[in-house]
Amino acid sequence: MATSPCSSSGVSSAWSAGLGAEAALEIRTRSVEQTLVPLVSQITTLINHKDKPKRSDKTLQAIQRVGQAVNLAVGRFVTVGEAIANENRELKEEMSIACIEAKRAGETIAQLTDVANLDHPESDGRITIFTDKTGVVKAARLLLSSVTKVLVLADRIVIKQILASRNKVLATMEQLEKVSSFQEFVQIFSQFGNEMVEFAHLTGDRQNDLKDEKKKARMAAARAVLEKCTMMLLTASKTCLRHPDCESARLNKEGVFHRMRLALEQVIEIVTDSRPSGENEMAAISIYTSIKEFKNKVEGLRENLYFFSKENLSTMLELILEHTEDFTDSAYTSHEHRERILEQSKQAKMELEQLVSVWMQAQSQKTKDITEDLEVAILKTCQCMNELRRELHHAATSLAADLLRYHADHMVLKALKITGVEGNLEAVAECTCKLSEQKEQLVETCRLLRHVSGTEPLEITCIHAEDTFQVIGPQIISAAETLTLHPSSKIAKENLDVFCEAWESQLSDMSMLLREISDVFEGRRGEKRAYLSLPRPGKHNANLKALKPVKLDTEEQAKLGKLGLELHLLTSDVDSETEKWEDQENEIVRHGQSISSMAHSMYLFTRGEGLLKTTQDLFHQAEVFATEGIKLASVLTAFSNQLEEDDKPLLLLEIDKLIPVCQQLQITAKTTVQGKNATFTKVDTCIRKTKGVMTILSQVLPLSCKLLKKLFCCCLFLKCGTGNGWLRSSHPWRENRLQRNKNEDSMEGKTDAFGIKFLEHHVANLTFLESK
């Protein structure tokens, strides 16, 4: 089937054919590619028309309209290109030449297609699309070449912006690393926060615009490091300033700075498409990829018996079986899985031997068509490799799931915090040994998951997870040692908390990664949404300026910033709990999602962002939030009536907590106040009450989920009925949400830049540094 000219592959093939020798201009971003789609479509229409025998008046008019449309579109495009050139002098010459070529090509196409008023386009003496059949093709090639060059040059401006932003971040990081006083640190970190916000937005847009999924995954990994390291940099630096003679504090801080620099360099490598000399792009090839290539070779025998040698095939299998030793040699692989993997490996060798025997026999007979015996051998070999892959997948994912369940309570981290505050060196040493062992288990599991990840982006995510556990483990230990040496230090305790939170966050990410790997294995992986990042004249940094937080008094800003971060963490917890429900249409989940969405809007207000611009907006949102909480309490009460008597008390206890807090929030939101201090007190109270509701919700959701599963097991669900019972809502929660929440969701999007939410809190909270 022919490729549509409007498809991505159609653009690439048409572009390559049109450029000829200039094909060195590689299209790396979706924005460049999608900008070319309509142009390629129109040009393809013209070229396809030139060979058609029938040329009615309607056809001639259509050809002329298309030619004029191309010329007008090119004219507008050139105007934008020239405006960008005027703003970027270093590219002005190249951009101007490309714009002139594009304009000339557009005018040529318009002239060649000016045929609507001619009685006989082929014999009127004028050069047209019909008399000069190669002229339109040449013009099309020139047009595609010049337009693509303009787009690639414009894309270079985006790269230049990211490089400049990275340089500013690095320069400020050097200042932060050398700072020796709290006052100086506060001033420089404030600047650093603003620069990181800018870098976050630029790289976020770039990540989503990349065509290459591997590069996109590597960019996501680097940006995740920067996000998590930002908070670590703040607390590690504060700890080092408070305890300048502490060696473990110094090592802790140096580790964070080093990791951030590596992440920044990785971002630039991806953006500029360059790597340090001699460095390999990827680690050793995964078993999944090796099996896929091996099967392709085996199935290729159907087409050509002489395409490669039996030695080549044997070597490929040997390499695969060598990689399976990562599983069989692992101390964490169960005995049952190890035995099944060894059995499948042995079976794979036998099947290949049989295949080679039949294959050699077919070659000796010099048969052209594949024999029945060879077809059977091919099928059995591929089936055996599928079984081997399945066993490896089950071994890796079972280990990961068991490990995540075992460490879900974070007992080692809790013990570290307690013993650190007590200053118990011996107990801390024991805890660090356990953490080191846990780290080794997680690192080994990530390596095994990489082998069965199923896609290159997921493979990169596995490598990132492995690196993260490898690095954060020792950093937690150094932070714990610092706290043990200074058990009364609030800053040292805060620092350990931050590193422990990063560890817990990575465990949560690993759980999501495990689900994605299982989805790929079962064929359930979905598509991602594209995002464009080409610059526009005069607006290259407009989006950055719009994202600056609303200025508040220093004290108010710090207080709201701290409350906001706590609220944000609770919304993340609630969102995580709602995702665990199998039935996303469950009414409890719907209300939970609605409440969490409104809480996020209120959190954005604490940073001066979002659509809640005034305190009145906040108070109105708080009132609706409280009403939604009371509705949830009603739904939970109905649910409790379906439970056995032994299961009711825990849920009723949470309901009894939820209703009063929501009622208090309603009263506070409706109370009229006057004066700046009174208004701020009301804002503060609303945020605190909202936090209280979210805290209860974070307990209610997992409890309800557990009770619901038990209800299903007892077959009580059938008595309730799915049509009119409490499980289904007659009015979706989305219809009852504030319109501003819908708008805000679309504005915030799914690609929020790393660290922005946290960074601006850090900047707001800096006034507390000295007091701590």
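Student: In this predicted model, which residue has its charged end over the ring of phenylalanine 619?
Tutor: A charge counts as over a ring if NZ of Lys or CZ of Arg is within 6 Å of the ring centre and within 35 degrees of the ring normal. Here the charged end is 4.0 Å from the centre of the ring of phenylalanine 619. The residue that carries this charged end is lysine 682.

Student: How many aromatic pairs does a search of the whole structure find, and is the pair of phenylalanine 189 and phenylalanine 192 stacked, edge-to-face or tilted?
Tutor: The search finds 3 aromatic pairs. For phenylalanine 189 and phenylalanine 192 the centres are 5.6 Å apart, with 50° between the planes. Planes under 30 degrees apart count as stacked and over 60 as edge-to-face, so the rest are tilted. The pair of phenylalanine 189 and phenylalanine 192 is tilted.

Student: Which helix holds both phenylalanine 189 and phenylalanine 192?
Tutor: The two residues are 3 residues apart, about one turn of the helix. Ring pairs also link them with Phe185 into a cluster. The helix that holds phenylalanine 189 and phenylalanine 192 spans residues 182-209 and is H6.

Student: Is phenylalanine 189 buried or exposed, and what about phenylalanine 192?
Tutor: Buried means under 20% relative accessible area. Phenylalanine 189 has a value of 0%, and phenylalanine 192 also has 0%. Phenylalanine 189 is therefore buried, and phenylalanine 192 is likewise buried.

Student: Which residues does threonine 381 touch, not counting residues up to four places away in sequence?
Tutor: Threonine 381 is found in helix H12, residues 372-406. Its relative accessible area is 2%, so threonine 381 is buried. The residues it touches are Phe294, Val298, Glu351, Leu352 and Leu355.

Student: Where is histidine 410, and what is its phi?
Tutor: Histidine 410 lies in the loop between H12 and helix H13 (411-422). Most residues other than glycine have a negative phi. Histidine 410 is not a glycine, yet its phi is positive, at about 55°.

Student: Are H13 and H16 roughly parallel or roughly antiparallel?
Tutor: The axes of H13 and helix H16 (residues 490-521) come within 11 Å and cross at roughly 175°. Angles over 145 count as roughly antiparallel, so H13 and H16 are roughly antiparallel.

Student: Which residues of H13 and H16 make the contact?
Tutor: On the H16 side the residues are Lys493, Leu496, Asp497, Cys500, Trp503 and Glu504. On the H13 side they are Leu413, Leu416, Lys417 and Val421.

Student: How far apart in space are glutamine 61 and threonine 113?
Tutor: Glutamine 61 is in helix H3, residues 57-87, and is partly exposed, with a relative accessible area of 40%. Glutamine 61 and threonine 113 are 52 residues apart in sequence. In space, C-alpha to C-alpha, they are 9.2 Å apart.

Student: How many helices and strands does the protein have, and what share of its residues is buried?
Tutor: The secondary structure comes to 26 helices and 0 strands. Of the 772 residues, the share that counts as buried is 50%.

Student: What is the mean pLDDT, and over which residues does pLDDT stay under 50 with 134 contacts in the model?
Tutor: The mean pLDDT of the protein is 78, and 78% of its residues reach 70 or more. Over residues 1-24 the pLDDT is below 50, and this stretch has 32 contacts beyond near neighbours in sequence. The stretch with 134 contacts beyond four places in sequence is residues 715-772.

Methods: Residues numbered from 1 in each chain as written. Predicted model: local features only at pLDDT ≥ 70, side-chain atom pairs only at ≥ 80, totals over all residues. Heavy atoms only, no water. Phe/Tyr/Trp six-rings, centres within 6.5 Å; stacked < 30°, edge-to-face > 60°. Helix = DSSP H or I, 4+ residues; strand = E, 2+ residues; numbered from the N terminus. Buried < 20%, exposed > 50% of the residue type's maximum accessible area, 1.4 Å probe, protein only. Contact = heavy atoms within 4.5 Å. pLDDT = per-residue confidence, 0-100. Axes fitted to C-alpha atoms, helices over the stretch in contact; angles between N-to-C directions. Parallel < 35°, antiparallel > 145°, perpendicular 65-115°, else oblique.
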